[in-house]
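Here is a short tour of one protein model, written for someone who likes to know the cut-offs. Have your viewer ready and follow along.

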Amino acid sequence: MKEKMKKLLSVVFLLLLINGINAHPIPKSGELHLKYQLQFLAGYTNGLGGQFNFILSDFAQDFPFALKMGYGLSAMNPGNSLDARRIFINDATNGTPEKKGRMGEFKLDFLYNAKLFNLENAYFYGGLRYSNFVGNFNFIGGNEDFDVVQNTFGFGIGLDLFFAMTSKLNLSLSSGTSYYLPDMLKGHDTGYSPDGENINPRNDYTYKDADLAINQPKLEFQLLMGVSYKF
């Protein structure tokens, strides 16, 4: 069931992406013109990070939504070093642990002008997510340096606010939340899957143990600020 869902989301994501890139207006009155803007945001998303978004609007006659496609990258705490080593590598404890983590996120959202609190440029958004998580655990002097990775789909909702600074430049505020589907965690030559189809599991460890040790994306919140430029 989960594999079918992943394939379906992949197809939907691709079709919407192609439509957003190739869509052209078909004006009936000569007043419909494709509009687009670039948005740069920075702030908190699982950790400190930033986003780059491309926003399309008025690309279809009487279509009430704008389309936002983007990519974000943030630094984050990858999890518990000692537990990660036991679950994915071995039971040794030598060496000084160092860790770092990052999450890359592709986003595809539809925006709807809500005019919230009498604000003309307030937009609710919702759409698909695809994340790439990498947690690195390095034991200095212990001869262990390995990554734990996860790639998974998700869904997100939120609110974007735009405040005019010039005729082309807006101040942008964005807040929202995203939920990511559980998926396999892989490290070294070991993998733990939510459905129990593990790869070379160590001892009696399960996905639940790996999930507790690693801080891969689950239910995440974001609060960002930046600028958008209208072309």
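Q37 is buried, with a relative accessible area of 14%; buried means under 20%, exposed over 50% and partly exposed in between, using a 1.4 Å probe and protein chains only. The model is a predicted one, where local features need pLDDT of at least 70 and side-chain atom pairs count only at pLDDT 80 or more, while totals for chains, interfaces and linings use all residues. Residues are numbered from 1 along each chain as its sequence is written, and side-chain values use heavy atoms, with hydrogens and water left out.

Q37 sits in strand β1; strands (E, at least two residues) and helices (H or I, at least four) are DSSP runs numbered from the N terminus. The side chains of Q37 and S228 are joined by a polar contact of 2.9 Å. Such a contact is a pair of N or O atoms within 3.5 Å; within protein, one must be able to donate a hydrogen and the other to accept it, and residues adjacent in sequence count only if both atoms are side-chain atoms. Leaving out residues up to four places away in sequence, Q37 touches N53, F54, I55, F162, N170, S228, Y229, K230 and F231, where contact means heavy atoms within 4.5 Å.

## The largest pocket

Q37 is also one of the residues nearest the centre of the largest pocket, together with K35, S57, N121 and Y123, in a lining of 21 residues. A pocket is an open set of points on a 1 Å grid over the protein atoms alone, with protein on both sides within 12 Å along at least five of seven lines; a cavity is a set where a 1.4 Å probe fits but cannot get out, and lining residues have an atom within 4 Å of a point.

The space in this pocket is about 490 Å³; a volume is the space filled by probe spheres set on the points, and grid points are joined across faces, edges and corners. Strand β1 gives the largest share of the lining, 3 residues. By class, the lining has 13 nonpolar, 5 polar and 3 charged residues. Here Ala, Val, Leu, Ile, Met, Phe, Trp, Tyr, Cys and Pro count as nonpolar, Asp, Glu, Lys and Arg as charged, and the others, Gly among them, as polar.

## Enclosed spaces

How many cavities of 30 Å³ or more does a search of the whole structure find? There are 2. The largest holds about 50 Å³, and β7 (169-180) supplies the largest share of its lining, 4 residues.

The second largest cavity holds about 40 Å³. Its lining is T45, G50, Q51, G72, L73, S74, M103 and E105, with the largest share, 3 residues, from β3.

## Helix α2 and the cores

In α2 (residues 81-88), the buried residues are S81, A84, R85, I87 and F88. At the start of this helix, a side-chain oxygen of N80 comes to within 3.2 Å of the backbone nitrogen of L82.

F88 is among the residues that touch the most other members of the largest nonpolar core, which has 18 residues. Such a core is a set of buried Ala, Val, Leu, Ile, Met, Phe, Trp, Tyr and Cys residues joined through side-chain atoms within 4.5 Å. Two or more of its residues come from each of α2, β5, β6 and α3. Another core, of 6 residues, lies apart from it and includes I55, A66, L111 and Y123.
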